[in-house]
Amino acid sequence: MDNVVNIGLIGFGTIGSGVVETINKNIDLFENKVGKKVKLKKVVDLDITTDRGVEISSEILSTDINDILEDPEIEIVIELIGGYQPALKFILRAMENGKHVVTANKALLAKHWTEIISSAQKNHVRICFEASVGGGIPLLQPLNESLSANHIISSYSIINGTANYILTKMSEEGRDFDDVLKEAQIKGYAESDPTFDIEGDDTAQKLIILTIIGFGVYIKQENFHVEGITNITQEDINFAKNELNCCIKLLAISKLVDGKLEVRVHPTLVPNDHLLSSVNGVFNGVYLVGDIVGPVMMYGPGAGMMPTASAVVGDCIDIIENMEKPVLYGPSTTSVKAIGNITDLKSKYYIRLLTDDRPGVLHEISGILSQHNISIGSMTQKQQDETKGIPIFMVTHTALEMDMIEAIHKIDQLDCVKDQTHFIRVL
């Protein structure tokens, strides 16, 4: 049996079906690479009767989790049920029983990172999670290993396909947010409840993992700024494209500035000559800067059955080849001395206002901005139905976020301002 590696799969949903199909299709490739026989010994799910459209023996299907967790012959456990519980319990039990773990569960890793990694180290097993960020893109292992000669200076990431699809369609087809969201739901790119994606939570969880691997620091989501795309309008999209030669992307940003790490998720105006501007639709892209290598761009499908299955099975192969490899994630020593607050950010800003059409409005607004050390780089006023108000678009020079927040609060209290003022940071 020394020449056979047995795998147990927990979760026979979409991704689990992709894993089975991948193993069926390329088993010879895997076995030639690792020099051992690879066997999917057991698949556990609550539903083992529904046809998944993949070839699988009914003899390896089970509804009893102990058929995997308590089987001493199973060396690798794949967890694909998602969520927090019972996934956490299953992963911890697997590791306590000396089994290596592969998971795509970014939510679980982001919330319970310390507990999970401590258990892996204590039990001398590996946990791999390439599929948790960027789907099928080879991202975490190259960052953890191939770029380990570098101090990572910054990472800018588009890592949620739903949000990126919506913003891309709004830009390319001139459609409103709600209209594109409905289409994304029909096509299966967005959940029936899309809150997690469009409010930035999914992106934030993935950013936590990227920040660990890139900078060696674990930061909980409640400790950094997370902002979604629900306030982005067609006006913003059009002005960015036609006036500023930019597009709007939901970015996950980790950036080291003088020992202080900025960690944030928010919509960002990205110049059209930046590589990230070409990451469209449901695709993902991660733009890293290392102190030795310089800029590196990783691009590909960020989700989906087969791209994710590719990463999951790839992790299994890596474990088989390197079962004694130490559990090390990110740099062993970090250059991070402190975690920055979003209010300390210095950036250029795009501002959209809706005001009355009367003399003195611009003087009042620019006066408040000036009082808060904010200099206007450009300003455009659009004509429309006077009863609805006059849209004003501004781009500032570099300013402090705290000053921007305080200025916008005062501007919104002016009688001439008809709607809440919005601002977007510029890359």
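What volume does the largest cavity have? The largest cavity of this predicted model has a volume of about 60 Å³, where a cavity is a set of points, on a 1 Å grid over the protein atoms alone, at which a 1.4 Å probe fits but cannot get out. A volume here is the space filled by probe spheres set on the points, with grid points joined across faces, edges and corners. Because the structure is a predicted model, local features need pLDDT of at least 70 and side-chain atom pairs count only at pLDDT 80 or more, whereas totals for chains, interfaces and linings use all residues. Residues are numbered from 1 along each chain as its sequence is written, and side-chain values use heavy atoms, with hydrogens and water left out.

By this rule, two cavities of 30 Å³ or more are counted. The largest cavity is lined by Ile7, Ile23, Phe30, Val34, Val38, Val313, Cys316, Ile317 and Ile320, lining residues being those with an atom within 4 Å of a point. At least two residues of this lining come from each of α1 (14-34) and α11 (305-321), and α11 gives the most, with four residues; helices (H or I, at least four residues) and strands (E, at least two) are DSSP runs, numbered from the N terminus. The lining of the largest cavity holds nine nonpolar, no polar and no charged residues, where Ala, Val, Leu, Ile, Met, Phe, Trp, Tyr, Cys and Pro count as nonpolar, Asp, Glu, Lys and Arg as charged, and the others, Gly among them, as polar. The second largest cavity contains about 50 Å³ of space, and its lining consists of Glu262, Val263, Arg264, Gly340, Asn341, Ile342 and Leu345. In this second lining, three residues are nonpolar, two are polar and two are charged.

Pockets were identified on the same grid, a pocket being an open set with protein on both sides within 12 Å along at least five of seven lines. The largest pocket has a volume of about 970 Å³ and is lined by 36 residues, of which Lys106, Glu191, Asp202, Ala303 and Gly304 lie nearest its centre. Elements that each supply at least two residues of this lining are α1, α4 (106-122), α6, α8 (195-198), α9 (201-215), β11 (283-290) and α11. By class, the lining of the largest pocket comprises 15 nonpolar, 15 polar and six charged residues. For the second largest pocket, the volume is about 650 Å³, and of the 35 residues that line the second largest pocket, Asn144, Glu145, Leu328, Tyr329 and Gly330 are the closest to its centre. Two or more residues of that lining are given by each of β6 (127-128), α5 (140-146), α9 and α11, and α5 contributes the largest share, five residues. The lining of the second largest pocket divides into 17 nonpolar, 12 polar and six charged residues.

Helix α6 (residues 161-173) and helix α7 (residues 177-186) pack at an angle of about 125 degrees, with their axes 9 Å apart; axes are lines fitted to C-alpha atoms, for helices over the stretch in contact, and angles run from 0 to 180 degrees between N-to-C directions. This angle makes α6 oblique to α7, since angles under 35 degrees count as roughly parallel, over 145 as roughly antiparallel, 65 to 115 as roughly perpendicular and the rest as oblique. The contact (heavy atoms within 4.5 Å) is made by Tyr165, Ile166, Lys169 and Met170 of α6 and by Phe177, Val180, Leu181, Glu183 and Ala184 of α7. Seven nonpolar, no polar and two charged residues make up the contact of α6 with α7.

The axes of helix α3 (residues 87-96) and α4 come within 10 Å and cross at roughly 15 degrees, and α3 and α4 are therefore roughly parallel to each other. In this pair, Ala87, Leu88, Ile91, Leu92 and Met95 of α3 meet Leu108, His112, Glu115, Ile116, Ser119 and Ala120 of α4, a contact of eight nonpolar, two polar and one charged residues. Helix α12 (residues 361-371) and helix α13 (residues 401-411) pack at about 150 degrees with their axes 9 Å apart, so α12 and α13 are roughly antiparallel to each other. Here Ile365, Ile368 and Leu369 of α12 meet Ala407, Lys410 and Ile411 of α13, and these residues divide into five nonpolar, no polar and one charged.
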